[in-house]
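Hi everyone, thanks for making time this morning. I'd like to walk you through one model, so let me put it on the screen.

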Amino acid sequence: MASKAHKKTRPLPPQSRNRRTPRLPKPDSTARPIWEIIVELGASVPESEWEKVPTDLAKNLHHYLHGAPKEEE
């Protein structure tokens, strides 16, 4: 069996060789924490909808998402 030919790659430009991690933008200190947004969204859901959420959702997540057999207690 013949081996596949390897492509030759060009070397990185000099400025790219020394960079270990990309520079990320500074975080926005005025942004709201994600948990505050989640709590606000949860508060906007009517109680009647929360009652429809299965009490064993965490344990049987694959059952509810993919139809896997339910795990019993």
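Let's start at Asn-60, which touches Lys-70 and Glu-71, leaving aside residues up to four places away in sequence; contact here means heavy atoms within 4.5 Å. Before I go on, a word on the ground rules. This is a predicted model, so local features need pLDDT of at least 70 and side-chain atom pairs count only at pLDDT 80 or more, while totals for chains, interfaces and linings use all residues. Residues are numbered from 1 along each chain as its sequence is written, and side-chain values use heavy atoms, with hydrogens and water left out.

Back to Asn-60: is this residue buried or exposed? Asn-60 is buried, with a relative accessible area of 2%. For that label, buried means under 20% relative accessible area, exposed means over 50%, and partly exposed is in between, with a 1.4 Å probe and protein chains only. Asn-60 sits in the loop between H3 and H4. Across the protein chain, buried residues make up 1% of the 73 residues.

Now the overall layout. The protein chain has four helices and zero strands, and from the N terminus on the elements run α-α-α-α. Helices (H or I, at least four residues) and strands (E, at least two) are DSSP runs, numbered from the N terminus. The accessible surface of the chain comes to about 8,000 Å², and 58% of that belongs to carbon and sulfur atoms. Those areas come from the Shrake-Rupley method with a 1.4 Å probe, and for residues only the protein chains shown count as cover.

On to the charges. How many salt bridges are there? The count comes to four, where a salt bridge is a side-chain nitrogen of Lys or Arg within 4 Å of a carboxyl oxygen of Asp or Glu. Among them, Lys-70, the contact of Asn-60, pairs with Asp-56 at 3.8 Å, N to O. Lys-70 lies in the segment after H4 and Asp-56 in the loop between helix H3 (47-50) and H4, so this pair ties together parts that are 14 residues apart in sequence. Lys-70 itself is partly exposed, at 39% relative accessibility.

Then there is a network of salt bridges linking Arg-32, Glu-36 and Glu-40. Arg-32 meets Glu-36 at 3.9 Å, N to O, and Glu-40 with its closest N and O atoms 2.8 Å apart. Arg-32 is partly exposed at 42%, as is Glu-40 at 48%.

Last stop, the nonpolar side. Val-45, Trp-50, Val-53, Leu-57, Leu-61, Tyr-64 and Leu-65 form a nonpolar surface patch with about 580 Å² of accessible area together. Patches take residues with over 30% relative accessible area and no salt bridge, joining like charges within 9 Å and nonpolar side chains (Val, Leu, Ile, Met, Phe, Trp, Tyr) within 5 Å. Which helix gives the largest share of the patch? Helix H4 (residues 61-66) does, with three residues. Leu-65 lies in that helix and is exposed, at 56% relative accessible area.
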